[in-house]
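Me: I am new to this structure and would like to learn how to read its features. Could we go through them in order?

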Amino acid sequence: MSSSCEYDIYFEGYFHGDLSPAEELAVQTHLLNCPRCRNKIEAFYRAHSALKEYERPTPPAELAKAYHKNVNLSYGKETFTQKLLLLIYSLTSYRSATFRLAELAMLLIIGFIVGWIIFAPSKEPIVISGNYPGQYLRPVTGVDIDFVYYYLVASEILLLDIQNTGENSDFSIDRELAQNLLIKTFRIHEIALQLNNLRLINFIGHMQFLLPEVSNTKPEELKEFIDTIKMVIKQANLLQEVDILKRTIKQPLKRPGT
Amino acid sequence: MDPDRRFVLFTKSGNNAAFARLVRKYRDPVLLLVFDYLDDYKLAGNVAQKVFVKAFRHIREYDEKIGFSSWLYQIAVNDALEIRKSGGPDQKVPRVERTDTASRQAKNLPGRLPSNSSRDLKLLLNNLSESQLSTVILRYFHNKSIHEIAEILNCPENTVRIHLKDSLQTLSADLKNMKDHQ
């Protein structure tokens with residue numbers, strides 16, 4: 001065969017459309033340049049079309065029925081267990097498009113349920129009242145209660161210090177303690193709001209007034225205000241309040257060995 | 001895993017019901033394939049039945065390098081060609097009377113008649129060599145790919161392409177001659 005006709009073995013595949021893109025392009029390019037192959041492909045296509053249009057006679061119904069019956073009897077008998085095994089296999093390996101879609105839907109539903117169980121918000125109402133709008137407040141825990149308790153103990157010490165400070169005596173007010181309490185006041189206020197404890201809120205309100213004065217004012221200047229501060233403590237009964245709060249808020253944590 | 005292979009594994013382990021599934025799937029294609037070679041449904045039915053018996057007996061020899069359908073078609077093609085070679089049945093397309101469907105059924109004749117052009121074409125196919133005939137039957141009447149035909153006929157894919165090309169060449173020439181005579 002001449003080299004110009006080496007493509008003719010691809011003509012049949014070209015008609016069926018099962019050549020690779022590269023092969024198809026090569027055939028098309030060759031046909032543009034080879035009139036002999038153009039004639040040949042036309043003749044091939046007539047034969048190809050005739051074969052495509054071929055109609056086979058259908059088998060006679062009775063013969064087909066007899067064939068089906070005989071062919072099923074040509075090997076051993078099927079048992080119930082064998083059929084059951086196959087049925088189980090068919091059910092487990094059935095994968096139609098609808099079945100896959102249903103499978104996907106099931107997975108999504110299960111995923112949603114699991115996600116809901118894990119990430120669903122707690123049924124307890126979320127306290128949204130914070131120091132600023134939209135603030136997220138985590139639920140109050142035992143640690144927070146301890147925090148409040150020790151804050152109250154420290155506050156009591158500071159209040160007693162202030163109360164016992166005389167006009168002529170040296171100032172023994174622990175300004176560092178006051179500064180520490182001031183830092184913690186913000187969080188204590190949040191917890192008080194979450195607990196909705198009006199007594200504690202009221203107490204914190206007074207402390208928010210006292211603590212900046214005590215911690216930020218120089219000792220020499222504080223002497224001038226000390227009487228005012230003492231008067232506030234007395235009028236607001238802060239020492240009694242802190243004692244009541246200490247007893248009501250929580251018993252102190254028991255330390256190991258005590 | 002390919003369901004055919006799973007059924008073959010079941011059959012190898014002694015599950016006849018699995019082979020029944022394979023038979024139900026392939027009994028009609030095998031019958032038609034054998035008919036395409038022999039042009040006689042009664043004979044084709046007997047040969048196809050033997051094909052399945054042979055497949056069942058030799059299922060353990062099937063090594064799964066090729067698809068089960070290709071293996072089964074291989075047996076069917078070989079058996080049909082053997083009958084053709086032995087010259088038993090008439091190789092020509094049987095003459096079919098043009099009668100109504102009911103009387104055709106009563107006489108056990110084909111249910112649907114092929115057109116004249118189809119019958120002429122079938123006669124022309126007898127001019128092809130065995131290999132060419134097999135490639136044409138598998139390609140055009142059973143929609144097999146070049147790769148599957150190569151598996152069934154146990155030859156390289158390019159050989160299949162050459163057989164197809166030669167078949168088309170012969171058929172186109174024969175069709176032209178037939179037209180000229182008419």
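This is a predicted model: local features need pLDDT of at least 70, side-chain atom pairs count only at pLDDT 80 or more; totals for chains, interfaces and linings use all residues.

Me: How many salt bridges does the rule find across the interface of chain A and chain B?

Reply: The rule finds 3 salt bridges there. As for polar contacts between chain A and chain B, the count is 9 residue pairs, both residues being at pLDDT 80 or more.

Me: Which helices of chain A supply at least two residues each to the side that touches chain B?

Reply: They are α1 (11-16), α3 (35-52), α4 (61-73) and α5 (80-93). The largest share comes from α3(A), with 9 residues. By class, this side of chain A has 22 nonpolar, 11 polar and 13 charged residues.

Me: How is the size of such an interface expressed?

Reply: The size of an interface is often given as the accessible area lost when the parts come together. In this model, the area buried between chain A and chain B is about 4700 Å², and carbon and sulfur atoms give 63% of it. On the side of chain A, the residues that lose the most area to chain B are A:L51, A:R56 and A:Y67, together 16% of what that side buries. Counted by residues, 46 of chain A are in contact with 57 of chain B.

Me: Which residues are buried in helix α6 of chain B?

Reply: A residue is called buried when its relative accessible area is under 20%. In α6(B), residues 116-125, the buried ones are B:S118, B:L121, B:K122, B:L124 and B:L125. They lie on the same side of α6(B), because they cover an arc of only 160° around the axis.

Me: What covers the buried residues of α6(B)?

Reply: The cover includes α3 of chain A, as well as α2 (16-38), α7 (130-141) and α9 (157-181) of chain B. The helix α3(A) is also the one that gives the largest share of the side of chain A touching chain B.

Me: Is B:S70 buried or exposed?

Reply: B:S70, in helix α4 (residues 68-86) of chain B, has 4% relative accessibility and therefore counts as buried.

Me: With which residues is B:S70 in contact, leaving aside its neighbours within four places in sequence?

Reply: They are B:E148, B:E151 and B:I152. With B:E151, the side chain of B:S70 makes a polar contact of 2.8 Å.

Methods
Residues are numbered from 1 along each chain as its sequence is written. Chains are lettered from A and ligands numbered from 1 in the order in which they are written. Side-chain values use heavy atoms; hydrogens and water are left out. Contact means heavy atoms within 4.5 Å. Buried area is the accessible area (1.4 Å probe) that two parts lose on being put together, summed over both. A salt bridge is a side-chain nitrogen of Lys or Arg within 4 Å of a carboxyl oxygen of Asp or Glu. A polar contact is a pair of N or O atoms within 3.5 Å; within protein, one must be able to donate a hydrogen and the other to accept it, and residues adjacent in sequence count only if both atoms are side-chain atoms. Helices (H or I, at least four residues) and strands (E, at least two) are DSSP runs, numbered from the N terminus. Ala, Val, Leu, Ile, Met, Phe, Trp, Tyr, Cys and Pro count as nonpolar, Asp, Glu, Lys and Arg as charged, and the others, Gly among them, as polar. Buried means under 20% relative accessible area, exposed over 50%, partly exposed in between (1.4 Å probe, protein chains only). The arc is that of the directions from the helix axis to the C-beta atoms.
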